Amino acid sequence: MFSASILLQILACAIYNNWWPMLSALMYVLVPMPCLFFGGGSTQFLMTRDGGGWIDAAKFLTGASAVGSLAIPIILKHAHMIETGAMLIELVSFFIFICTVLCFHQASLDDDW
Amino acid sequence: MDLLELWAIFGPGVAGAVFGAGWWIWLDAVVCSLVTVPFLHYLPGIFASFAALMFNCVRKEDIDYSPYDEGEWRLKLWLFIAYVVSFVSLAGSAGLLIQDSLDKSAPSVWTGVAGVLQCVFVLISGLVYWTSHPE
C-alpha cells in the first residue's frame, strides 16, 4: 500500500510533466518523525492519554504534519501551478498513506498481545 | 470509554491539525497574492501563535480558584497577558482586513480574510490543547 501511495505521487507528477507535487512527499517524511522521536518508534502513544507533556507535543506535531500533506496540493492548485487532476491524485495518495499507517498501527497492537 | 476520554486522547492531535490548517491558509494567501505582502501582515499570526503557546505553558493544577486566599496571582497575570496578546492579534488581523478592503494597492481581500482565519484557527488550537488536558 505504501508503494501504491508513492506510485500515485510519481503519477501525479509524470502525467502532467510537473514536479511541484513532490513537495507533498516531503510531508510524508515529516509525519512519522514525532512517533520516532518521542514515542519510542511505536504508534501506540497516539491511542493513549498517558505520557505527559512530550507525548502531547508529539500528537500536536503529528496533526500539524498531516494537515500539511493535505494543504500543499490544495495551495498549489489555488496558485494554478498544478492541474485539478494532479491535486485529486495527490489527495488519494495521502488517503492510501493514512490507511497504510492505520494498518501498521493495528499490526503493532496485535504484536503486543 | 466516554467522550472526555476520547477528547483527552485525540485532543492534542486535533490541536496540531487546526494549528497547521491556520498557518497553511495564511501561506496560501501569501503565495496567491499578486502584491507582495508586507511583514506587518505577518505579525497577527505570529502573535496568535505566541499567545497560544503562552497559556499552554500553565499547568491547570497550579491555578487556585479560592476566593479567600491571595492565590497564585503571577499565574493569573500570565494568563491575562496571554489573553491580551490573543485579543490584540485578532483585532489587528481584523483591522488589516478592513484596511486591505479599502485600499486598492494593498493585497487582496482574501489576504485579510486568511489573516483573520489564521488567528482564529491558531487560537482555537490553543484552546483545544488546553481543554484536552483533564485536571
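**View 1. Transmembrane annotation on chain A.** In the unreviewed UniProt entry, the annotation "transmembrane region" covers residues 25–45, 57–76 and 88–107 of chain A; UniProt positions follow the numbering used here, feature names are shortened, and annotations may be inferred rather than shown by experiment. In this predicted model, local features need pLDDT of at least 70 and side-chain atom pairs count only at pLDDT 80 or more, while totals for chains, interfaces and linings use all residues. Residues are numbered from 1 along each chain as its sequence is written, chains are lettered from A and ligands numbered from 1 in the order written, and side-chain values use heavy atoms, leaving out hydrogens and water.

View 2. Residues 57–76 of chain A are 100% helix and 0% strand, with end C-alpha atoms 28 Å apart. For residues 88–107 of chain A, the end C-alpha atoms lie 29 Å apart, again with 100% helix and 0% strand. Helices (H or I, at least four residues) and strands (E, at least two) are DSSP runs, numbered from the N terminus.

**View 3. Where chain A meets chain B.** Chain A brings 19 residues to the contact and chain B brings 21 residues (contact: heavy atoms within 4.5 Å). Across this interface of chain A and chain B, the rule finds zero salt bridges (a side-chain nitrogen of Lys or Arg within 4 Å of a carboxyl oxygen of Asp or Glu). Helix α4 (residues 53–78) of chain A gives the most to the side of chain A that touches chain B, with 13 residues.

**View 4. Ser125(B) and its neighbours.** Ser125(B) sits in helix α4 (residues 109–131) of chain B. Not counting residues up to four places away in sequence, Ser125(B) touches Ala15(B), Val18(B) and Phe19(B).
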